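This briefing is meant for a reader who is meeting the structure for the first time. Please look over the sequence and the model before reading on.

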Amino acid sequence: MPKLKSNKAAKKRFYKITKTGKIKRGKAFKRHILTSKNRKRKRHMRHSGFVSASDTKGIKKLLPYG
């Protein structure tokens, strides 16, 4: 059977898959127009989050060897 290709966009968006199977991701809305966002909001966007359980199955298909 041939090797499967990883989805390039998914590879860039999702950092890693944890031992328990959760997928780490970066927070959205932190690239531009930061002057209109308050300090607390920007500080919380620095930290990574996890993909919701309902989306995890689809993302794992995009990253077959992740």
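This is a predicted model: local features need pLDDT of at least 70, side-chain atom pairs count only at pLDDT 80 or more; totals for chains, interfaces and linings use all residues.

Residues are numbered from 1 along each chain as its sequence is written, and side-chain values use heavy atoms, with hydrogens and water left out.

**Overall build**

- The protein has three helices and three strands, where helices (H or I, at least four residues) and strands (E, at least two) are DSSP runs numbered from the N terminus.
- Followed along the sequence, these elements give the pattern α-β-β-α-β-α.
- The radius of gyration, taken over C-alpha atoms, is 15 Å, well over the 11 Å that the globule rule (2.2 Å times the number of residues to the power 0.38) gives for 66 residues, so the protein is more spread out than a compact globule.
- Along its principal axes, the C-alpha trace spans about 50 × 25 × 15 Å.
- Of the 66 residues, 17% are buried, a term that means under 20% relative accessible area, with exposed meaning over 50% and partly exposed in between (1.4 Å probe, protein chains only).
- The accessible surface comes to about 6000 Å², and 55% of that surface belongs to carbon and sulfur atoms; such areas come from the Shrake-Rupley method with a 1.4 Å probe, and for residues only the protein chains shown count as cover.
- Among contacts (heavy atoms within 4.5 Å) between residues at least 6 apart in sequence, 56% join residues at least 24 apart.

**The sheet**

- The three strands form an open sheet in the order β1-β2-β3 with antiparallel pairing, and two strands are taken to pair if DSSP finds at least two bridges between them.
- β1 (14-17) and β3 (49-50) stand at the edges with a single partner strand each, so one side of each is left without a neighbour in the sheet.
- Two bridges join β1 to β2, and I17 stands opposite I23 in β2.
- These two strands, β1 and β2, form a hairpin with five residues between them, and G21 in the turn has a positive phi of about 100°.

**Around the ring of F50**

- The charged end of K22 sits over the ring of F50, 5.4 Å from its centre; the rule asks that NZ of Lys or CZ of Arg be within 6 Å of the ring centre and within 35 degrees of the ring normal.

**Single residues**

- T56 is found in helix α3 (residues 53-62) and is buried, with a relative accessible area of 12%.
- Leaving out residues up to four places away in sequence, T56 touches G21, I23 and V51, and G21 belongs to the hairpin turn described above.
- S6 lies in the segment before α1 (8-13) and counts as partly exposed, at 27% relative accessibility.
- Although S6 and K61 are 55 residues apart in sequence, their C-alpha atoms are 8.5 Å apart in space.
- Beyond its neighbours within four places in sequence, S6 is in contact with K11, L62 and P64.
- L34 has its place in the loop between β2 and α2 (39-45), and at 31% relative accessibility L34 counts as partly exposed.
- Not counting residues up to four places away in sequence, L34 touches F29 and K42.
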